[in-house]
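Reader: I would like to go through this model by its pockets, cavities, cores and ring contacts. Please give the cut-offs as each term comes up.

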Amino acid sequence: MSTDNASATSLIDALERTRDILSSTTLPLATASAPQQRETVGRAVAQLDDYVLPRVRSLDAPLLAVVGGSTGAGKSTLVNALVGHPVTRSGAIRPTTRRPLLIHHPHDAAAFTSQRVLPHLARVRGKLMDPTVTAPARSEGDRPVEDTGSLVLLADEKIPQGLAVLDAPDVDSVSDDNRALAAQLLSAADLWLFVTTANRYADAVPWQLLRNAAGRDITVAVVLDRVQAASAEEIQDDLRRMLNQEGLGHAPIFVVEESPLNELGMLPPPVVAPLRGWLEELGADAQARSDIAARTLGGAVRELADTTDRTADAVEGQQRTEDHLRREVTTAFDDALAAIIDSTRDGTLLRGEVLARWQDFVGTGEFFRNLEAGIGRVRDRITAFFKGEPAPEVQVEEAIETGLQAVIVEHTARASELAERRWRDETSGQVLLAGRDLSALPANYPETTAEHIRSWQSDVMLMIQQEGAGKRTQARALSLGVNALAVILMIGVFSMTGGLTGLEVGIAGGSGVVGTKLLEAVFGEDAVRRMSQKARENLETRIKHLLDQRAKAFLDRLDELGEHPTAGELWSAARDIRTAGEAL
């Protein structure tokens with residue numbers, strides 16, 4: 001290859017970065033394209049490990065020709081014929097487990113005994129047995145063991161130097177592991193020797209793999225096996241037509257006529273002589289091997305860039321889905337927060353029990369009407385009021401707690417139900433909710449809500465104490481009536497008259513306004529305005545915290561997906577690969 005060291009280094013850097021990004025790309029959400037794209041990403045990472053990176057790092061390494069095909073196509077018999085003696089027959093090599101077999105020239109051993117290519121497969125050295133010795137018969141329970149985790153290496157001088165032949169499992173094997181290994185080995189090939197038969201050359205599975213080969217511009221040679229001499233030309237012409245349609249018109253076709261096997265199960269040498277001669281010429285032509293390696297590698301790099309782009313599109317789709325699911329939750333709980341806050345502003349909380357307890361607190365209303373005469377009389381009335389029997393302000397506090405708790409719990413439950421319903425409308429949401437009922441509030445949620453409300457009420461009382469600490473004229477009133485003044489401030493916070501009608505306005509809203517005037521008489525208008533604002537902000541913060549905790553139960557499911565590469569990172573990696581790969 002003509003790629004210089006600097007170009008190779010640049011390409012390696014781009015490929016390694018892409019590998020790291022792809023291997024971290026999990027596509028965790030159950031979007032429509034995710035399952036297929038996950039498999040595509042896994043294959044891309046495997047091909048980077050098995051072929052692309054090893055080939056770029058060792059541009060002059062021997063070519064790897066993988067023999068692949070359908071069940072019963074005669075791959076093993078063909079490999080034996082190419083080598084010139086049995087190597088793949090059961091019992092010919094030890095160990096005899098059904099592992100993929102890689103045959104190489106002895107001088108090329110170092111290129112394959114290391115983990116340079118196919119690093120995830122363990123190496124097992126094969127030993128050629130005497131082909132004249134019959135292997136011991138096996139009982140039904142003594143069948144060869146399937147083993148897709150290792151690779152048998154066999155050194156043989158009959159294989160041209162600079163070229164190795166790998167006998168892969170059937171591409172349509174009944175074993176999932178064997179099919180997966182066959183695909184892995186074919187992805188690691190510099191050259192495909194694709195074996196089919198006169199009866200099966202149009203099968204769907206091999207042609208899908210051949211289309212993939214055309215897409216990545218890999219060099220393919222097709223071996224048409226077990227062909228009757230009378231029909232050989234007709235079948236070859238039809239196969240050529242199909243190859244042309246799939247963009248593989250350049251692929252050489254080698255016809256192996258149907259022939260009887262000898263006593264060792266070998267084909268007559270003449271029937272494979274054209275294929276063997278082609279491989280020997282290739283082994284002797286360093287430039288031809290380099291051209292094939294460059295072409296296959298270039299196609300693999302372009303395919304990798306395309307895969308990375310498609311993965312970026314899938315990641316972008318995942319991000320849109322995640323954002324949508326987040327919005328469904330945040331919208332549901334934001335709406336709940338707005339509804340609760342509205343109920344604290346429009347007088348809703350001053351109905352029912354709160355209104356009744358407030359009426360008990362203010363009596364018939366004469367108390368507040370008599371306070372309107374002036375500030376001096378207001379102060380006198382405050383003192384007189386608090387010297388009498390304690391007013392039932394605690395009952396008002398409890399009524400506020402109960403009413404506010406009911407509103408918060410009700411709207412939180414609705415938000416949880418709505419968020420879960422919207423998630424269940426999405427496949428990704430259904431998967432995230434699997435085995436969980438996030439719509440149900442925790443059993444302790446009402447009490448937790450009540451604790452927050454009581455804490456808020458305590459904050460209001462503390463604020464009253466702190467505000468009056470430096471006001472001597474109000475010291476006595478404060479010492480006698482902190483709870484009462486706190487209740488009046490709370491009612492002032494809730495006593496906007498929107499939503500109240502008729503008598504309710506007069507009793508609740510009107511009394512709240514007069515209560516505010518009373519507070520202003522004690523603390524001053526600015527102080528009351530500041531305390532009211534602070535009390536409201538405190539309350540709304542606490543309510544928001546409660547809702548955020550419930551929303552978090554949903555959002556945590558998304559956060560558990562973890563960090564993953566962005567679409568931008570993947571698009572950038574694809575651009576870098578294309579730029580660096582132009583030197584190939």
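Reader: What is the volume of the largest pocket?

Author: The model is predicted, so local features need pLDDT of at least 70 and side-chain atom pairs count only at pLDDT 80 or more, while totals for chains, interfaces and linings use all residues. Residues are numbered from 1 along each chain as its sequence is written, and side-chain values use heavy atoms, with hydrogens and water left out. A pocket is an open set of points on a 1 Å grid over the protein atoms alone, with protein on both sides within 12 Å along at least five of seven lines; points are joined across faces, edges and corners, and the volume is the space filled by probe spheres set on them. For the largest pocket this volume is about 880 Å³.

Reader: Which helix gives the most to the lining of the largest pocket?

Author: Helices are DSSP runs of H or I with at least four residues, strands are runs of E with at least two, and both are numbered from the N terminus. At least two lining residues come from each of α2 (34-57), α5 (176-187), α6 (204-215) and α9 (286-345). The largest share, eleven residues, comes from α2.

Reader: How much space lies in the largest cavity?

Author: A cavity is a set of grid points where a 1.4 Å probe fits but cannot get out, and a search of the whole structure finds five of 30 Å³ or more. The largest cavity is lined by L82, I159, P160, V165, R276, L279 and E280. Helix α8 (residues 269-284) gives the most to that lining, with three residues. The space in the largest cavity is about 60 Å³.

Reader: Which residues of helix α3 are buried?

Author: Buried means under 20% relative accessible area, exposed means over 50%, and partly exposed is in between, with a 1.4 Å probe and protein chains only. Seven of the nine residues of α3 (residues 75-83) are buried, so this helix is largely enclosed by the rest of the structure. After α3 comes G84, with a positive phi near 100°. The buried residues of α3 are K75, L78, V79, N80, A81, L82 and V83.

Reader: How many residues does the largest nonpolar core have?

Author: A nonpolar core is a set of buried Ala, Val, Leu, Ile, Met, Phe, Trp, Tyr and Cys residues joined through side-chain atoms within 4.5 Å. In the largest one, L15, V52, L166, W192 and V220 have the most contacts inside the core. A second, separate core of 56 residues includes I464, L489, A535 and L555. The residue count of the largest core is 70.

Reader: Which residues does V52 touch, leaving out those up to four places away in sequence?

Author: Contact means heavy atoms within 4.5 Å. V52 is among the residues with the most contacts inside the largest core. Its partners under this rule are L15, Q47, L297, A300 and V301.

Reader: Why does the aromatic pair of W456 and F494 tie together parts that are apart in sequence, and how many residues apart are they?

Author: Rings of Phe, Tyr and Trp (its six-membered ring) pair if their centres lie within 6.5 Å; planes under 30 degrees apart count as stacked, over 60 as edge-to-face and the rest as tilted. The W456 and F494 pair is tilted, at 5.8 Å centre to centre with 45° between the planes. W456 is buried at 0% relative accessible area, and F494 is buried at 1%. Because W456 lies in helix α15 (residues 445-468) and F494 in helix α16 (residues 475-494), the pair joins parts whose separation in sequence is 38 residues.

Reader: How many aromatic pairs are there by this rule?

Author: Ring pairs also link F333, W423 and F554 into a cluster. The count of aromatic pairs comes to five.

Reader: Is L118, which has a positive phi, buried or exposed?

Author: L118 is not a glycine, yet its phi is positive, at about 45°. L118 lies in the loop between α4 (109-113) and β4 (122-125). With 0% relative accessibility, L118 is buried.

Note on methods:
On a 1 Å grid over the protein atoms alone, a cavity is a set of points where a 1.4 Å probe fits but cannot get out, and a pocket is an open set with protein on both sides within 12 Å along at least five of seven lines; lining residues have an atom within 4 Å of a point.
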